[in-house]
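Biologist: I have a new model on my screen. Please show me how to read its features, step by step.

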Amino acid sequence: MFRKKALRINTYLGYGTIDHFRATGRALEDENIDFTTNQNVLKTLRNIYRQFESDEIRNVAINLKLPDGQVIETSTDQEGYYHLELNISTLPEYLDKEGWITYFVSYKEENIKKEISNHNSFSSEMLIPSKEAEYGIISDIDDTILHTGVASFFKWRVIANTIFKNFDKRTAIEGTVKFYKKLHLGKNGAPINPFFYVSNSPWNLYDYLSAFFKKNYFPKGPILLRDFRTPFDKTPKPKMPHKQSEILNLLNMYPEMKFILIGDSGEKDADIYTKIAEEFPGRILAIYLRTVNHRRKEKRIKKIIQSYKASPILLVRTSDEAIEHAKGLHLIN
């Protein structure tokens, strides 16, 4: 007899304010993806395939339970995603010492069959940056903190690294964890400067990237990815690049906060970051662009840097260079 798969809800770390609750996630069939360490290539291939092959649960009712027991109902869209935003005045009561609120997500019981659900409670967290935060940090992922190969010919290294290497075989770029921990602490020495990670990778890789961050002890923060588009996708294309849109969302969400932007010289980070800094005078404290050792791309970046005056900017070869530069700006100790 054919046995239906269990259901799960992939919850994503989010961000909000003291009175604005935001939650995002995706309802999916459970593919039993195994994120243990020391896996062989075959198991890694299977995991990656299952992440992209996963079947979404469309138009289904979802319940979100807040720490005070309040239950809020929403529903998934045609791609299985849910996006919830509403004003709640009691949010500050539920914060932990680093500004996170824990809540739980579940399928509305009457809309699922018990025999296809192994459990029906999935935890998630939302970040509310502290009023004491000195600044926020928005960082790219690919070739900024994780060796990927976005500048390689036909991006073949991106494909090879993602498909054939389990998360525990991937290496963080040397010194990035040290630098990011210093930024997290800032000058005050308290781990409250919020981190936001932005990537053009699809949401299908969320668990993979999350496991990589935890293994390497990067500061915890929302990972902001994008929907995986196929040639047959009928949904409207975004009006602006994903990274640009996410950074603008953060600047508008936290109008009093200043930011540090971190990216690389491999794609369009320099163009996006400098444009945003010019549009928001005084909001960007520094821009760090890690070199990907591509002569033509680096030459173009240097031209952008030469004509840019809105904030300090540095083409980074080592994390120690970035640390010394940030110390000179009195951003870290």
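Biologist: In the protein chain, what share of the contacts with a separation of 6 or more comes from residues 24 or more positions apart?

Modeller: Such residues account for 72% of those contacts. Contact means heavy atoms within 4.5 Å. One caution: this is a predicted model, where local features need pLDDT of at least 70, side-chain atom pairs count only at pLDDT 80 or more, and totals for chains, interfaces and linings use all residues. Residues are numbered from 1 along each chain as its sequence is written, and side-chain values use heavy atoms, leaving out hydrogens and water.

Biologist: How many helices and strands does the protein chain have?

Modeller: The count is 8 helices and 14 strands. Both are DSSP runs numbered from the N terminus: helices are H or I with at least four residues, strands are E with at least two.

Biologist: What percentage of the chain's residues count as buried?

Modeller: Of 333 residues, 53% do. Buried means under 20% relative accessible area, exposed over 50%, and partly exposed in between (1.4 Å probe, protein chains only).

Biologist: Which residues have the most contacts inside the largest nonpolar core?

Modeller: The general idea comes before the case. In soluble globular proteins, nonpolar side chains tend to be buried together. A nonpolar core is a set of buried Ala, Val, Leu, Ile, Met, Phe, Trp, Tyr and Cys residues joined through side-chain atoms within 4.5 Å. Here the largest has 67 residues, and Phe179, Leu183, Tyr197, Phe259, Ile287 and Tyr288 have the most contacts inside it. A second, separate core has 23 residues, including Ile57, Tyr103, Val105 and Tyr107.

Biologist: Which residues of helix 8 are buried?

Modeller: An α-helix has 3.6 residues a turn, so residues three or four places apart point the same way. In helix 8 (residues 319–328), the buried residues are Ser319, Ala322, Ile323 and Ala326. Seen down the helix axis, they fall within an arc of 100 degrees, so they line one face of helix 8. The arc is that of the directions from the helix axis to the C-beta atoms. Exposed Glu324 and Gly328 sit on the face turned away from that buried side.

Biologist: What covers the buried residues of helix 8?

Modeller: The cover includes helix 3 (176–185), strand 13 (284–290) and strand 14 (313–316). Tyr288 touches Ala322 and Ala326, among others.

Biologist: Where does strand 7 find its partners?

Modeller: Two strands pair if DSSP finds at least two bridges between them. Strand 7 runs antiparallel to strand 4 (residues 61–65), with 4 bridges. With strand 8 (residues 122–127), strand 7 pairs in the antiparallel sense over 6 bridges. Phe104 is the bridge partner of Lys65 and stands opposite Ser123 in strand 8. In strand 7 (residues 100–107), 6 of the 8 residues are buried.
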